[in-house]
Amino acid sequence: MNDDERCMRRAIELADVAADDGEVPVGAVLICGAVTVEAHNEKEKTGDATAHAEMLALREAARRLGRWRLSDATMYVTKEPCLMCAGAIVAARVGRLVYGANDPKGGADGGAFDVLRSPKTNHRIAIDAGVLQAETAEQLRSFFEGRRAAEGIERAAP
């Protein structure tokens, strides 16, 4: 197993923790030198709309490192970052992003938006998309299927 898969598997474990807490299952691992930060979604727990796994990881990494520039960091996240998280990743100058599942409804790496690869941003990020995509997509699909079943909502036919 390579480092990308190992770190993504850890992010999947963190996403499972989020799901167990009733959160959308997204996990993130940020590695910057000897510093490793782990986070998962905590919006419901904190009542904070910005408590996405990526945002929490960026904040904690900046706190631990004493700097906001993370150009030597790699972030692993189980789902394509949303518009807010993509903006924060660009603003923090993250050097590399690795993610699993695509998010055609809200992702910002070509899903619904294209912030991360936009030539209009002031920072270029190395991006590796689709790492353990089948597992991360299934994790999200299962979570939302379970939520719909618990609420008695039938999924619309495609």
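The lining of the largest pocket is made up of 6 nonpolar, 2 polar and 6 charged residues. Keep in mind that this is a predicted model. The space in that largest pocket comes to about 480 Å³. There are 14 lining residues, and those closest to the pocket's centre are Asp 103, Pro 104, Lys 105, Leu 140 and Phe 144. Which helix gives the largest share of this lining? That is helix α5, residues 133-150, with 6 residues.

Next, the second largest pocket. Its space is about 210 Å³. Here 15 residues form the lining, and Val 24, Val 26, Asn 41, Lys 43 and His 52 are the closest to the centre. By type, the lining of this second largest pocket has 5 nonpolar, 3 polar and 7 charged residues.

You will find Thr 78 in strand β3, which covers residues 73-79. Is Thr 78 buried or exposed? Its relative accessible area is 1%, and buried means under 20%, so Thr 78 counts as buried.

What is Thr 78 in contact with, apart from its neighbours within four places in sequence? The list includes Met 8, Ala 11, Ile 12 and Ala 15. Also on the list are Pro 25, Val 26 and Gly 27, and Val 26 is one of the residues I named for the second largest pocket.

Methods: Residues numbered from 1 in each chain as written. Predicted model: local features only at pLDDT ≥ 70, side-chain atom pairs only at ≥ 80, totals over all residues. Heavy atoms only, no water. 1 Å grid on protein atoms, 1.4 Å probe; cavity = no way out; pocket = protein on both sides within 12 Å on 5 of 7 lines; lining within 4 Å. Points joined across faces, edges and corners; volume = space filled by probe spheres on them. Helix = DSSP H or I, 4+ residues; strand = E, 2+ residues; numbered from the N terminus. Nonpolar A, V, L, I, M, F, W, Y, C, P; charged D, E, K, R; others polar. Buried < 20%, exposed > 50% of the residue type's maximum accessible area, 1.4 Å probe, protein only. Contact = heavy atoms within 4.5 Å.
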